[in-house]
Amino acid sequence: MSIEARNVTKAFGAFTALRDVSLEVRTGELVALLGPSGSGKTTLLRIIAGLEVPDRGSILFHGEDATDRRVQDRRVGFVFQHYALFRHMSVFENVAFGLRVMPRRARPTRGEIRARVRRLLSLVQLDWLADRYPSQLSGGQRQRVALARALAVEPKVLLLDEPFGALDAKVRQELRRWLRRLHGEINVTGVLVTHDQEEALEVADRVVVMNAGRIEQVGTPEEVFHHPATEFVMNFLGHVNVFHGRVEGDKAFFGALELEYPNGASTGSLAVRGFVRPHDLEIDLQPGETTLVEGQIAHVNAAGPQVKVELATVMGETIHVEITQERYRALGLTCGQRAFVRPREIKVFLGGPPA
Amino acid sequence: MTSASISTLPRPPAQRATAEPALVRWLLTAVAIGFLALFLFLPLAAVFGQALERGLGAYVAALRDHDAWAAIRLTLITAAIVVPLNLVFGLAMAWAVAKFEFRGKSVLITLIDLPFAVSPVVSGLIYVLLFGLQGWFGPWLKAHDIQIIFAVPGIVLATLFVTCPLVARELIPLMQAQGTEEEEAAVVLGARGWQTFFRVTLPNIKWGLLYGVILCNARAMGEFGAVSVVSGHIRGLTNTMTLHVEILYNEYNFVGAFAVASLLTLLALLTLGAKSLVEWQTRRRPAESGSAAPDAAAMGPLTPVPLQPVSEKTRNEH
């Protein structure tokens with residue numbers, strides 16, 4: 001089932017959580033709403049579920065207006081950030097809840113309920129915990145029970161609010177892959193809220209980057225990562241180094257470095273900012289034609305697939321560079337050494353230093 | 001020689017650093033026990049001692065007295081009406097305050113505490129002022145031949161007023177700690193309002209609710225001040241147990257007075273027993289307490305309901 005939000009606006013008192021947001025999620029897709037806290041991503045998710053009512057705008061399920069449809073009738077699966085398991089019910093009863101509260105006509109028989117709950121629990125690999133209570137489970141187990149409970153009513157839409165937020169890094173990794181696989185197995189349209197860019201990029205088919213109640217960019221993980229539409233997206237999806245420069249005609253200048261800037265402003269000189277990710281910078285021991293800046297090696301962290309190098313410029317700025325282990329060994333870098341930084345790719349956005 | 005003797009010295013007990021000398025410990029314990037005996041156990045024993053002073057026969061006879069029996073019946077009837085009403089009111093009130101945001105909520109929370117803040121005598125007088133013969137609705141009530149003051153309805157109303165914060169006060173902190181996520185989860189899964197209430201909300205608060213009901217019942221049966229004002233002290237008709245005790249005592253009928261008083265005391269002991277049982281249950285099943293504040297459910301029942309500080313606290317909170 002496809003989901004569409006049209007011009008949705010929502011305010012809580014003086015705080016505007018969503019400003020005229022429109023979004024389309026295609027059938028069977030898994031979309032991540034990514035943004036910092038307060039960006040409105042959870043509010044959008046809750047409005048889709050029917051737990052909040054938009055001030056303006058509408059929600060469409062499968063092309064039909066569902067804005068006034070009651071939560072109970074939307075048939076969405078919702079996984080809460082803190083799982084919200086029924087603490088007085090066993091794992092089995094938690095999963096069975098959605099089936100037990102169905103109207104008598106639609107309700108499956110006891111035997112069918114039992115069979116379906118068993119099937120769901122084995123799907124989330126927890127059939128051996130059916131008689132436990134939520135307080136006796138670990139965070140990752142609770143998460144999977146919450147998912148099984150949401151799936152019990154066979155929803156066409158699965159909404160997940162920071163599903164892995166409260167878990168430790170390793171469990172999070174496993175559950176992410178598992179969710180990705182699960183989404184492939186069951187035919188459901190998914191929307192996932194997260195503030196973790198890594199999670200969004202890894203799990204989702206498409207990523208919706210949100211900021212201050214607005215959508216900044218919608219695209220595949222590759223698009224948003226490699227072709228960020230705005231400074232915010234660039235900043236939010238990983239580390240960046242910022243360089244100040246200017247644009248004149250079809251040329252961009254960063255210090256002594258001159259670059260082609262084909263879609264540049266035609267007249268005058270404009271202040272611009274150049275964004276470069278650490279892995280798009282290279283370190284040389286000698287100055288070259290494309291050298292952007294010179295600095296002193298301040299810190300080296302060689303633990304990991306890439307070597308993270310911090311350089312201090314004469315202006316007192318810190319530049320983060322990531323180079324390969326081979327390059328690091330070839331250069332033989334030591335702290336305090338002078339080095340030259342050269343960009344492989346630089347993203348230029350108009351505008352001076354931030355206010 | 002010296003070093004050898006030091007190494008064989010017994011190690012001082014581990015708690016030595018934090019404990020007072022034995023004499024101080026014994027003294028303090030003795031003071032505490034003496035205090036308890038003098039002010040709690042002695043009066044308790046005295047009630048039963050006085051009641052049974054002339055033997056078991058006189059005790060039973062005093063309780064089988066027509067007026068005493070009428071007073072017991074009236075007390076039971078009052079409690080039977082007041083407790084269920086307060087149960088419903090308290091639930092509705094706590095539900096509204098804990099699960100919804102609305103204008104005037106802080107005023108409402110302060111108002112719940114009004115019966116605690118005001119003297120019971122004043123609460124009684126309010127009803128006389130409203131429904132008495134010279135009161136606001138007095139002429140109308142008289143014209144329609146409805147009697148409230150100096151009759152059972154007045155007693156029920158006064159008791160209702162005095163006991164109405166008990167259940168709500170018990171539930172509000174518990175329900176606030178539990179939040180609304182479980183209810184939301186239930187609704188998303190397709191549960192209707194009543195299903196959500198009976199399957200999710202009620203099971204989560206049942207021990208707190210039971211505790212509130214026990215307190216409410218104890219207060220309803222033991223209330224004196226407010227009831228005294230509206231009752232009119234008509235023997236065999238509008239005397240509750242507490243009022244009956246007073247009348248008998250004033251008539252120097254000590255056996256009668258203490259016999260009825262012993263029933264009230266038994267009720268108090270029963271209440272304490274039930275209260276301990278509920279507290280034990282809440283501690284035994286921590287799964288039912290609020291996940292946001294795991295101690296909330298255990299703390300709630302343990303804390304006696306303070307009079308003034310509660311309203312002050314709520315004013316600061318909201």
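Biologist: With which residue does B:Glu182 form a salt bridge?

Modeller: In this predicted model, the rule finds three salt bridges across the interface of chain B and chain A. Side chains of opposite charge can pair when their charged atoms come close. For B:Glu182 the closest N and O atoms are 2.6 Å apart, within the 4 Å cut-off, and the partner is A:Arg87.

Biologist: Which helix of chain A holds the salt-bridge partner of B:Glu184?

Modeller: B:Glu184 pairs with A:Arg46, and the closest N and O atoms lie 2.5 Å apart.

Biologist: Which helix gives the most to the side of chain B that touches chain A?

Modeller: Two helices of chain B, H11 (181-188) and H12 (193-222), each supply at least two residues of that side. With seven residues, the one that gives the most is H11(B).

Biologist: What is the area buried between chain B and chain A?

Modeller: The contact involves 23 residues of chain B and 25 residues of chain A. Seven residue pairs are in polar contact between the two chains. By class, the side of chain B that touches chain A has nine nonpolar, eight polar and six charged residues. Carbon and sulfur atoms give 57% of the buried area, which is about 2200 Å².

Biologist: Where does H12(B) bend?

Modeller: At 1.5 Å a residue, a straight helix of 30 residues would span 44 Å. Between its end C-alpha atoms, H12(B) spans only 37 Å. The helix bends by about 60°, and the residue at the bend is B:Lys206.

Technical notes:
Residues numbered from 1 in each chain as written. Chains lettered and ligands numbered in written order. Predicted model: local features only at pLDDT ≥ 70, side-chain atom pairs only at ≥ 80, totals over all residues. Heavy atoms only, no water. Contact = heavy atoms within 4.5 Å. Buried area = accessible area lost by both parts, 1.4 Å probe. Salt bridge = Lys/Arg side-chain N within 4 Å of Asp/Glu carboxyl O. Polar contact = N/O pair within 3.5 Å; in protein donor to acceptor, adjacent residues only side chain to side chain. Helix = DSSP H or I, 4+ residues; strand = E, 2+ residues; numbered from the N terminus. Nonpolar A, V, L, I, M, F, W, Y, C, P; charged D, E, K, R; others polar. Expected span 1.5 Å × (residues − 1). Bend = angle between axes of the 7 residues up to and from the residue.
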